[in-house]
Amino acid sequence: MSPPKAAPKNVPDRIAVKRMLISVSDKTGLVERAQKLAALGVDLVSTGGTSKALKDAGLKVRDVADLTGFPEMMDGRVKTLHPKVHGGLLYRRDLASHTKDATDHCIEPIDLVWINLYPFEATVQAGAGFDDCIENIDIGGPAMLRAASKNADFVAVCTDGADLDAVIAEMEQAENKGTVSLGLRRRLAAKTYARTAAYDAAISEWYWKQLDEEAGDWRAFGGKLQQTLRYGENPHQKAVVYAGPDKRAGVLTARQVQGKELSYNNINDTDAAFELVAEFDPKASPAVAIIKHANPCGVATGATVTEAYRRALACDSTSAFGGIIAVNVPLDGPTAEAITEIFTEVVIAPDADEAALAVFAKKKNLRLLLTGGLPDPAQPGVMVRTVAGGLLVQDRDVGRIMEADLKIVTKRRPSPQEIADMLFAFRVCKHTKSNAIIYAKDGATVGIGAGQMSRVDSARIARRKAEDAAHAANQADPATIGSVCASDAFFPFADGLLQAAQAGATAVIQPGGSVRDDEVIKAADDADLAMVFTGMRHFRH
């Protein structure tokens with residue numbers, strides 16, 4: 001790796017590593033890596049449990065307490081916060097004044113640092129209490145990492161084993177034995193600042209939640225690079241994906257069993273599909289969602305997962321081609337056979353049996369993701385979007401309407417089946433781009449209108465989709481006859497509701513709240529529709 005063009009003339013391209021400080025909570029690969037460094041003539045300095053592990057392996061190690069002349073104290077909270085540690089990391093070897101200070105105060109240079117931080121994120125994820133989370137906030141680790149990174153002209157810094165492997169690989173090169181290049185040192189410094197920033201972001205986010213604060217004066221978000229993607233939404237756009245501290249079941253935590261690498265659009269669409277299908281309790285019935293461009297083109301429940309898939313596909317089999325399929329229960333062989341009848345980009349499910357895996361294996365390009373569980377639709381979280389000059393942050397939409405929340409506003413009361421279908425359709429609306437109109441019948445979508453500038457146009461499109469589906473299935477009438485209609489936001493005029501009536505819907509669910517609600521209610525009564533208000537809107541842009 002060549003040195004950066006901006007390197008000062010007194011900064012060496014390569015530094016010799018003579019002394020190293022190791023302090024790791026995750027000791028995976030510790031002994032093996034330390035053995036390689038000792039073989040390269042590196043003096044090892046370490047702390048607490050790390051030092052003990054190295055000594056137990058027969059390695060010669062110097063305790064930090066011997067370096068500083070102070071014992072670890074306060075249950076290990078204070079051990080590396082000392083001038084002999086930070087001086088060894090921070091002093092510039094090219095400045096006579098720094099060298100004099102180091103000599104006068106017996107500060108020995110530290111050329112290499114390997115520190116992985118206390119497992120704060122994992123502690124929070126495990127549901128630990130307040131005190132345990134506090135004790136897993138690392139102080140000395142970030143301080144040393146930042147100090148070493150600031151002095152990357154003369155110090156190499158590693159935050160994980162992969163970093164150290166890269167350093168060791170350079171040090172083992174015959175032509176540069178025992179040295180590390182400036183290019184690698186600076187790259188590792190940049191990574192380190194990102195790591196400590198993400199660590200602090202996780203801590204601050206957790207702390208704000210403990211205080212039940214809606215918004216702090218400062219907000220930080222962090223993540224770890226999970227994958228460099230081939231491109232973004234379009235081939236001329238670069239893209240990567242970062243994993244955050246939230247281990248929510250879904251596309252980024254799934255095991256990819258087979259298929260090509262996921263693309264930017266695959267990840268976006270698969271996330272939309274799995275979040276939608278998770279709205280339906282697998283204990284109640286299997287459910288399937290088919291997604292195209294982050295919008296559903298068919299959602300259904302069924303007595304079996306195969307039946308649910310067939311019913312979801314029937315809503316819009318044309319749009320389903322090349323789509324994403326999400327299932328809320330483990331996949332079986334018959335369902336896999338049905339899915340592979342048409343081209344599908346991605347299938348995501350909690351699990352799959354051996355028969356299903358065998359069927360999918362015949363379709364090498366199909367991406368199969370198994371998550372081990374479903375995301376909790378009620379789990380709080382945040383959604384972040386960039387805008388010019390900043391970030392737009394909001395809570396995840398965890399709103400859910402139950403039967404008790406419905407307000408019947410028409411003369412005709414809905415039947416139990418209409419209520420069940422309205423609740424089903426309104427949950428699908430929540431995951432459909434606005435303006436969203438959903439026709440549903442017997443636990444399946446039969447017409448979907450999404451992403452239109454006019455709500456009445458969405459109602460027309462949903463009706464037309466149902467008519468097209470009926471024509472493709474050689475059915476005399478579209479399935480919207482006898483269906484219910486859901487709208488993600490209120491009808492500003494009666495025209496959208498009248499479209500639903502003309503499509504054959506018998507009941508309507510909508511938030512209500514328009515200044516023309518009385519006009520819309522009268523239109524529903526005149527058409528003998530049952531209508532309920534939810535009081536909750538589900539815009540999705």
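User: How much space lies in the second largest pocket?

Analyst: About 970 Å³ of space lies in that second largest pocket. Before going on, some ground rules: this is a predicted model, where local features need pLDDT of at least 70 and side-chain atom pairs count only at pLDDT 80 or more, while totals for chains, interfaces and linings use all residues. Residues are numbered from 1 along each chain as its sequence is written, and side-chain values use heavy atoms, with hydrogens and water left out.

A pocket here is an open set of points on a 1 Å grid over the protein atoms alone, with protein on both sides within 12 Å along at least five of seven lines; lining residues have an atom within 4 Å of a point. Grid points are joined across faces, edges and corners, and a volume is the space filled by probe spheres set on the points.

So who lines the second largest pocket? There are 30 lining residues, and the closest to the centre are Glu121, Thr159, Asp160, Arg195 and Lys224. By class, the lining splits into 13 nonpolar, nine polar and eight charged residues. (Ala, Val, Leu, Ile, Met, Phe, Trp, Tyr, Cys and Pro count as nonpolar, Asp, Glu, Lys and Arg as charged, and the others, Gly among them, as polar.) At least two lining residues come from each of strand 5 (112-116), helix 6 (120-125), helix 10 (182-210), strand 8 (224-228) and strand 9 (240-243). Helices (H or I, at least four residues) and strands (E, at least two) are DSSP runs, numbered from the N terminus. Helix 10 gives the most, with five residues.

Now for a cavity, which is a set of points where a 1.4 Å probe fits but cannot get out. The structure holds one cavity of 30 Å³ or more, and the largest cavity has about 40 Å³ of space. Its lining is Glu279, Gly399, Arg400, Ile401, Leu423, Phe426, Arg427, Lys430 and His538, which makes three nonpolar, two polar and four charged residues.

A cis peptide bond joins Ser434 and Asn435, with omega about -10°; Asn435 is in the loop between helix 16 (416-429) and strand 19 (437-440). Asn474 has a positive phi of about 60° although it is not a glycine, and Asn474 is found in the loop between helix 17 (455-472) and strand 21 (484-487).
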